[in-house]
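I opened the model and kept notes as I went. The entries follow in the order I looked things up.

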Amino acid sequence: MAAAKVVAAAVTAVLLVVALPPPAAHAAVYKVGDAAGWTTIGNVDYKQWAATKTFHVGDVIVFNYAPQFHNVMQVTHQDYKACNASSPIVTHTSGNDSITITKHGHHFFLCGVPGHCQSGQKVDINVRRTATTTASAMAPSPSHESVASTPAKAAASAMAPGPSSDAPAYSAPLECLFISVVTAALVASLLV
Ligand SMILES: [Cu+2]
């Protein structure tokens, strides 16, 4: 029975490390439009707003607005381009919607109130793959000197000019993983 308990503890520890997203302490929270929020007033340039951020998986995107006037619809790229609010993937209506980014790539949002998307109430949250993600860091490379370093530099220069102060450091994911592993090991040893 004791052995089974140890195995269970070890399995639990491994599952914790694998299943948990990066710890909340490392995730950034971005309020769309900053002080202006999610609105049609003042012609907020959401494209420009997004361009100044470096989004990562685990970050939280907050839409703040008066729910009687606006909403938030996550849509496909097609519907984003066309401002088509008739077939949203997900609709949020609370007026203070927190959306956690769980994957890389584009996340398209628009306001579904007629005319609002057309007047610019739309935003594309693009979560780029960075060179420091665990997957690319561990991927075997035939020529790690030249080939591996080039995409890293390209990715870095392709991002917003300079690391912004509110964005986590590039090493954060690895640091998080390390902390998670150590914590899991401690938990496992305590349970044994
Ligand atoms: Cu609106």
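Burial first. I call a residue buried if 20 or more other C-beta atoms lie within 10 Å of its own, exposed if 12 or fewer, and partly exposed in between, with C-beta atoms placed from the backbone. N43 has 10 C-beta neighbours inside 10 Å, so N43 counts as exposed.

Ground rules next. This is a predicted model: local features need pLDDT of at least 70, side-chain atom pairs count only at pLDDT 80 or more, and totals for chains, interfaces and linings use all residues. Residues are numbered from 1 along each chain as its sequence is written.

**Entry: overview.** I took helices (H or I, at least four residues) and strands (E, at least two) as DSSP runs, numbered from the N terminus. The protein has six helices and seven strands. Along the sequence I read α-β-α-β-β-α-β-β-β-β-α-α-α. The protein has 192 residues, and 21% of them count as buried. For contacts I required C-beta atoms, placed from the backbone, within 7 Å. Among contacts between residues at least 6 apart in sequence, 77% join residues at least 24 apart.

**Entry: the sheet.** Two strands pair if DSSP finds at least two bridges between them. Which order do the strands of the open sheet take? I read β1-β2-β5, three strands with mixed pairing. The edge strands are β1 (29-31) and β5 (96-100), and each pairs on one side only. From one strand to the next, the twist averages 20°. Angles here run from 0 to 180 degrees between N-to-C directions, and axes are lines fitted to C-alpha atoms, for helices over the stretch in contact.

**Entry: pairing of β2.** I noted that strands of a sheet pair through backbone hydrogen bonds, either parallel or antiparallel. Strand β2 covers residues 60-64 and pairs with β5 in the antiparallel sense over five bridges. In β5, S98 is the bridge partner of V62, and I99 is that of I61. With β1, β2 pairs in the parallel sense over three bridges. There K31 has V62 of β2 as its bridge partner.

**Entry: crossover and faces.** From β1 the chain crosses through helix α2 (residues 46-51) to β2, and this β-α-β crossover is right-handed. I use right-handed for a path from the first strand over the helix to the second that runs clockwise, with the strands pointing away from the viewer. Which residues of β2 lie on the covered face, and which on the uncovered one? I61 and F63 make up the covered face. V60, V62 and N64 make up the uncovered one.

**Entry: positive phi.** Most residues other than glycine have a negative phi. I looked for exceptions. Phi of D34 is near 50°, a positive value. N43 also has a positive phi, near 50°. D34 sits in the loop between β1 and α2, and N43 is found in the loop between β1 and α2 as well. D34 is exposed because 11 other C-beta atoms lie within 10 Å.

**Entry: A66.** I found A66 in the loop between β2 and β3 (72-75). Is A66 buried or exposed? A66 has 10 C-beta neighbours inside 10 Å, so A66 counts as exposed. A66 and W38 are 28 residues apart in sequence, yet 8.5 Å apart in space, C-alpha to C-alpha.

Technical notes
Contact = placed C-beta atoms within 7 Å.
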